[in-house]
Amino acid sequence: MIAGVTRELRAEAERTNERRVLVLAGDRDRGIDAAYDAVESVEVDDGDASIVSTRKGFRFEEHRPRSADELLGRTREAVVLDCHDRFVPNALGRAVGAVDGGGLLILLTPALDDWPAIRDRFDDSLAVPPYQVDDVTGRFRERLVSTLRTHPGIAVVALGEGPDGDALERDGLTGSAGEGRGEPVGPPSAPPDATFPAAAYRACLTGDQARALRAFESLAAPGSAVVVESDRGRGKSSAAGLAAGALALDGADVLVTAPAFRNAAEVFARARELIAAETGGDATASERDDGGGLDGDRDRDERDLRTPSGGRVRFLPPAAAAEAAAEADAAVVDEAAALPVRLLEGFLDAPAVAFCTTVHGYEGAGRGFAVRFRERLLDSRFAVSDVRLDEPIRYARNDPVEAWASRALLLDARPAVDAAVADASVDEATYRALDPADLLADETLLSEAFGLLVAAHYRTEPNDLARLLDAPNLVARALVADGRVVAVALLAREGGLDAATRRGMYEGERVRGNMVPDVLTSQLRDEAAAAPRGLRTVRIATHHALRDAGFGSRLLDEAHAEFGGDDGGSRKGGEDGVDYFSVGYGATPRLLRFWERAGYRTVHLSTSRNDASGEYSAVMLRPETEAGRGLLDRHAVALRDRERDGLSDAHRDVDPDVVRGALRACSAPVPVDLTETEWRSVVGASVGPGMYDTAPGAFRDLALAALVEGTDLDDRAERLLVRKVLQGRPWDEVADELDFVSTSACMRALGDAYAPLVERYGTEFARKERERFITE
């Protein structure tokens with residue numbers, strides 16, 4: 001029976017140029033045998049099939065569930081996904097994306113009725129301490145099973161459940177003739193006045209790609225910008241790769257970036273093919289490591305392609321690429337929606353730039369690009385060309401498997417439309433829990449809530465949907481206006497760990513799902529940090545049409561009231577109460593101000609930048625009980641002492657406004673205890689002939705105290721304290737950055753900045769010393 005069902009599915013898939021799904025539900029060993037029967041019955045060569053499984057020894061190309069990213073950019077006639085033992089939702093998304101039009105996705109699952117109640121190794125990863133795997137629910141799989149049983153194009157075979165063996169639950173046939181492959185269509189031809197090689201246009205698979213390639217030609221001229229948008233699978237990265245190769249053939253230095261190199265692998269594959277076709281050989285491998293974080297020598301030729309004309313196509317991680325953009329002839333940012341706006345702005349220094357962005361898909365679909373960066377780009381010096389790709393590359397436009405995957409994994413989740421929330425009032429919005437059972441029962445509620453999380457974060461994946469529905473440590477809260485979700489917060493319970501677990505964490509063991517306790521314990525060496533119970537804001541998002549209207553603050557206030565302890569230290573809500581709230585995020589001045597206003601205080605600033613965001617991560621706490629206040633107090637003191645020296649070392653290049661925000665939100669007082677000799681130097685520099693260089697430590701203590709406790713200085717004066725005094729930058733560099741007319745003017749400004757600090761912190765001796773110069 002398996003062979004017959006598979007042949008019918010395959011025939012309809014090929015006839016319509018669509019894909020089909022075959023579910024083999026039941027015993028795992030029987031499912032593997034049935035998968036072999038299915039692949040053999042439709043005569044798929046072993047080289048055109050892949051399997052994703054925790055087992056090994058298959059004759060097909062093998063991938064492990066956790067490394068299913070290796071399928072990105074691959075095209076297969078059949079992909080077998082073994083959902084037993086470790087079912088990773090991300091792997092399902094990758095497997096679907098690898099199946100070609102006319103091909104089959106074969107799922108090996110437990111019996112569908114039983115599957116939601118079965119816990120596997122992926123569930124183990126959701127059971128973060130102190131929770132156990134039995135605390136994990138099966139709602140994600142319950143919903144997935146429902147889609148498998150109801151969506152067109154999916155056949156289901158219950159293995160060993162028929163009177164004579166297997167039983168066919170659904171044949172998966174749609175009865176549609178579909179678009180089909182039709183008559184062979186020749187490749188697009190180059191426009192008469194094209195500047196890119198004709199081979200580049202012949203390599204395009206759709207008219208959409210050719211239009212995008214035509215737009216990319218403008219990158220040869222400085223001042224040009226191209227924005228290419230599409231859903232996944234439309235070939236935008238291929239078009240960008242052909243363009244990069246064509247520009248390099250003409251001698252240009254093309255800088256390519258993406259959240260990770262795997263996101264840009266297709267760009268380099270197409271660039272390499274075009275260069276080879278035009279030069280009669282291959283791109284020259286570079287032996288130079290340009291700081292791109294190469295994984296090994298084997299990858300160097302993939303990340304730095306050279307042409308005989310002296311052109312090149314090279315990859316750098318986002319933060320490094322943003323800094324180097326001005327040095328290239330053109331920059332290509334792939335998966336631009338997955339990068340923070342602040343980092344994207346760095347690419348506006350490039351002579352010419354292209355931004356390629358996925359509208360819907362697991363690669364990253366944050367709306368930061370569309371909503372916030374688009375306006376910045378249009379206000380820039382660039383002439384902007386927009387291209388939208390709609391035609392799928394490898395399967396028909398109405399492919400039912402694409403629609404099923406989008407629904408099952410919420411790849412197309414989006415917030416409510418702007419018009420539906422435009423009149424929402426923050427005071428009238430209703431605070432509510434997003435219970436996983438309610439989300440499962442209300443598809444609109446689930447889609448709007450998850451859509452807001454997708455919109456707010458540069459990478460929200462199918463695994464995150466499973467966490468939202470099943471993870472026992474997560475809770476979700478929302479503000480709802482007129483029945484529409486307008487703000488959502490995803491919160492993670494952390495801490496409350498026993499002594500043995502805390503000891504193991506302190507000695508180097510990794511404990512899943514406890515980010516803030518782990519940082520405070522393993523990095524900052526506080527073995528007791530994981531004892532208090534915390535609630536961390538994993539993500540918080542407000543509908544983009546309602547930004548800066550107070551919805552985020554209101555949502556936090558409600559969560560604080562629900563879960564927090566009172567001023568006397570007693571808990572609210574019994575077991576729901578927490579000792580502290582926390583948050584960790586890529587620090588920007590705006591976010592630091594937001595969290596400080598919400599009552600959070602800084603306890604840590606990472607010593608290295610995030611490769612994707614280019615930002616230093618901040619950890620902040622808001623205490624609610626005596627235990628929480630004790631945790632904050634000792635780590636605020638540690639931060640204060642650490643930053644006194646760290647700002648001239650590991651944090652020497654942190655943005656001065658980030659430093660100002662982090663210090664302003666530090667709750668530890670800064671003692672000022674200067675010797676008479678040090679006061680002479682400080683007073684002399686502020687109102688007399690003294691010099692900063694004679695007592696830099698004294699100046700540092702005063703600057704740190706002032707920035708932590710708050711000053712009446714203007715922004716430039718505070719930045720001067722950060723850049724020169726705390727970060728130890730050279731005078732000429734500081735003067736140039738802060739727009740002083742000269743180095744001497746910068747020096748005088750520093751002295752002027754210390755005059756009110758002497759008034760504020762000065763001892764009787766310091767005041768008398770000051771009076772000497774004032775009276776004279």
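Trainee: Which residues touch the most other members in the largest nonpolar core?
Mentor: In this predicted model, they are Phe551, Trp679, Val682, Leu721 and Tyr754, out of 89 residues in that core. Its largest share, nine residues, is supplied by helix H26 (residues 696-709). A nonpolar core is a set of buried Ala, Val, Leu, Ile, Met, Phe, Trp, Tyr and Cys residues joined through side-chain atoms within 4.5 Å; buried means under 20% relative accessible area, exposed over 50% and partly exposed in between, with a 1.4 Å probe and protein chains only. Helices (H or I, at least four residues) and strands (E, at least two) are DSSP runs, numbered from the N terminus.

Trainee: How should I read the numbering and the confidence limits?
Mentor: Residues are numbered from 1 along each chain as its sequence is written, and side-chain values use heavy atoms, leaving out hydrogens and water. Local features need pLDDT of at least 70 and side-chain atom pairs count only at pLDDT 80 or more, whereas totals for chains, interfaces and linings use all residues.

Trainee: Back to Trp679: with what is it in contact, leaving aside neighbours within four places in sequence?
Mentor: Its partners are Val672, Leu674, Gly684, Leu702, Val758, Tyr761, Gly762, Thr763, Phe765 and Ala766, where contact means heavy atoms within 4.5 Å. There is also a second, separate core of 61 residues, including Val79, Ala127, Leu144 and Ala405.

Trainee: At what angle do H24 and H27 pack?
Mentor: H24 (residues 656-664) and H27 (residues 715-726) meet at about 95°, with axes 9 Å apart. They are therefore roughly perpendicular, a label for angles of 65 to 115 degrees; under 35 is roughly parallel, over 145 roughly antiparallel and the rest oblique. Axes are lines fitted to C-alpha atoms, for helices over the stretch in contact, and angles run from 0 to 180 degrees between N-to-C directions.

Trainee: And which residues make that contact?
Mentor: H24 contributes Pro656, Asp657, Val659, Arg660 and Leu663, and H27 contributes Asp715, Glu718, Arg719, Val722, Arg723 and Leu726. Five of the contact residues are nonpolar, none polar and six charged. In that count Ala, Val, Leu, Ile, Met, Phe, Trp, Tyr, Cys and Pro are nonpolar, Asp, Glu, Lys and Arg are charged, and the others, Gly among them, are polar.

Trainee: Turning to sheets, what is the strand order in the one that contains E1?
Mentor: It is an open sheet of seven strands in the order E3-E2-E4-E5-E1-E6-E7, with mixed pairing; two strands pair if DSSP finds at least two bridges between them. E3 (61-63) and E7 (165-171) are the edge strands. E1 (residues 20-25) and E6 (residues 154-162) run parallel, joined by five bridges, and Leu24 stands opposite Val157 in E6.

Trainee: How do E20 and E22 pair, parallel or antiparallel?
Mentor: E20 (residues 580-586) and E22 (residues 616-623) are antiparallel over seven bridges. Ser582 stands opposite Leu621 in E22.

Trainee: Which residues does the cis peptide bond join?
Mentor: It joins Pro129 and Pro130, with omega about 10°. Pro130 lies in the loop between H4 (121-126) and H5.

Trainee: Is Leu410, with its positive phi, buried or exposed?
Mentor: Leu410, whose phi is near 55°, counts as buried because its relative accessibility is 5%. Asp482 also has a positive phi, about 55°, but at 71% relative accessibility Asp482 counts as exposed.
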